[in-house]
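Subject: Structure for your files

Hello,

Here is the structure we spoke about, with the sequence. My notes on what was found in it follow below.

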Amino acid sequence: MNTRSFTISYPAAGPGNTDIFFHDSIYIPEDSPCTLTVTDEHIADLYKAGLFKIQDEGTLVLPAGEKYKTPEMLGRILEAALDRGLGRDGVFTGFGGGVICDMTAFAASVYMRGAGLELVPTTLLAMVDAAVGGKTACDFGGAKNAVGTFYPASKLHICPAFIDTLPEAEYRSGLAEAVKTAMLYDPELFSLFRREKAAVLARDRAVLGGIIRRCVELKAQVVEEDFTEKGRRMELNLGHTFAHALESAVGLGEITHGEAVAWGIARALDLGMLKGITSPGWAEEAKTLLAEYGWCTLPQHPRMPHPAAGKLPPGSAPQTSLRFMKSDKKQRGGAVRFVLQREAAVTEILPAEDSEVLEVLK
Ligand SMILES: NC(=O)c1ccc[n+]([C@@H]2O[C@H](COP(=O)([O-])OP(=O)(O)OC[C@H]3O[C@@H](n4cnc5c(N)ncnc54)[C@H](O)[C@@H]3O)[C@@H](O)[C@H]2O)c1
């Protein structure tokens, strides 16, 4: 097996390091009496179909999807660790998408005040984003990621080979986060998305491997500088304020995160233009790329509950989005702040008036 690696450290957060390994083929977590692997039913089905092997003994299989990113599932992980007799020196391994990685990491962070943690992300989104940087969470009281900790994995194993079996919607969800990273930090990566669109959509392993590695490196640099999201790390929320409003309005888990993020980025570009911050040339270039990949860049997303369907009063979709933005846990003192771009790789975080937000949603 050909493996390459590098290490992220967190100087601002203490002595923790994450060793990141890139594998050319599939990596399966090792089983031992002091490990607990957590995965979901879809990964377990792939295993049953003979696509790869997981260890039955030390593996907890949870139901799949955002609907199950709950305190109940967190409890099941902790119970399984106790049943297995894991001590503080035990190792939890999250083997799955962002949901499994986030919850396993959360469980590891609170088990006996902090046990070992390794992650093997199996979705594109988890490889380029969720598994990198130590944010852990589960949803609570209907609010996404309402509880969680900062707790980096000691090892992160990235295997682009897992992407072969990803459903198309999940693949595209991860692509949106990768495009976001390119817009924030790497104009060369952004132009690769345009140049290599056919290869990207065909999941060409070499092209994708390069994209994943670059996104991991870029996110690692940001996280090293601002582990607990007091400053620069907030930039990674480009498009996310609009995206969370859409996800909440549609219902948690009813639309992929990346689909919502791509739409949210287009709204942020329009908001930036309205405020005179974003250069119209950059907004046009970025929205054209998003549209070429098939993401909605229009003010009203087709999945937003439509007044005509009787779910919202006529004309109220923009106000509904705004209400969800105001209830977002990241808003302080009622002012909704947005990640806005001046141009490629030049980003600022600024508040916006309600009237401005409503304007880019109609
Ligand atoms: N911690 C962070 O910094 C961070 C960053 C971004 C997103 N997130 C979180 O990540 C979550 C979304 O992650 P996700 O998009 O990976 O969702 P997910 O974990 O629900 O996975 C998506 C679907 O793909 C299936 N799947 C996983 N790997 C597969 C494979 N190799 N082949 C076939 N099917 C596979 C899963 O079973 C699931 O049905 C959200 O909860 C979000 O909040 C966290």
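Between helices H5 and H6, the residues in contact on the H5 side are Leu-175, Ala-178, Val-179, Ala-182, Met-183 and Tyr-185, and on the H6 side Pro-187, Leu-189, Phe-190 and Phe-193. Sorted by class, this contact comprises 10 nonpolar residues, with no polar and no charged ones. Please keep in mind that this is a predicted model.

As for geometry, two packed helices are described by the angle between their axes and the distance between the axes. Here H5 covers residues 168-185 and H6 covers residues 187-195; their axes come within 6 Å and cross at roughly 135 degrees. Angles over 145 degrees would count as roughly antiparallel and those from 65 to 115 as roughly perpendicular, so H5 and H6 are oblique to each other.

Helix H6 also holds Leu-192. Beyond its neighbours within four places in sequence, Leu-192 is in contact with Lys-197, Val-207 and Ile-211. Leu-192 and Glu-57 are 135 residues apart in sequence, and their C-alpha atoms are 43 Å apart in space.

Now the ligand. It is surrounded by 26 residues, of which Asp-40, Glu-66, Lys-69, Thr-122 and Thr-123 are the closest. By class, this shell has nine nonpolar, eight polar and nine charged residues. Which elements each supply at least two residues of the shell? They are helix H1 (41-48), helix H3 (98-110), helix H4 (124-130) and strand S8 (143-147).

Some atom pairs to look at:

- Asp-40: a side-chain N or O atom is 2.6 Å from an oxygen atom of the ligand.
- Asn-145: a side-chain N or O atom is 3.1 Å from an oxygen atom of the ligand.
- Ala-130: a backbone N or O atom lies 3.3 Å from a nitrogen atom of the ligand.

The ligand taken alone exposes 870 Å², and the protein buries 91% of that.

Regards

Terms used
Residues numbered from 1 in each chain as written. Predicted model: local features only at pLDDT ≥ 70, side-chain atom pairs only at ≥ 80, totals over all residues. Heavy atoms only, no water. Axes fitted to C-alpha atoms, helices over the stretch in contact; angles between N-to-C directions. Helix = DSSP H or I, 4+ residues; strand = E, 2+ residues; numbered from the N terminus. Parallel < 35°, antiparallel > 145°, perpendicular 65-115°, else oblique. Contact = heavy atoms within 4.5 Å. Nonpolar A, V, L, I, M, F, W, Y, C, P; charged D, E, K, R; others polar. Near = heavy atom within 4 Å. Polar contact = N/O pair within 3.5 Å; in protein donor to acceptor, adjacent residues only side chain to side chain. Areas by Shrake-Rupley, 256 points an atom, 1.4 Å probe, with all protein chains shown as cover.
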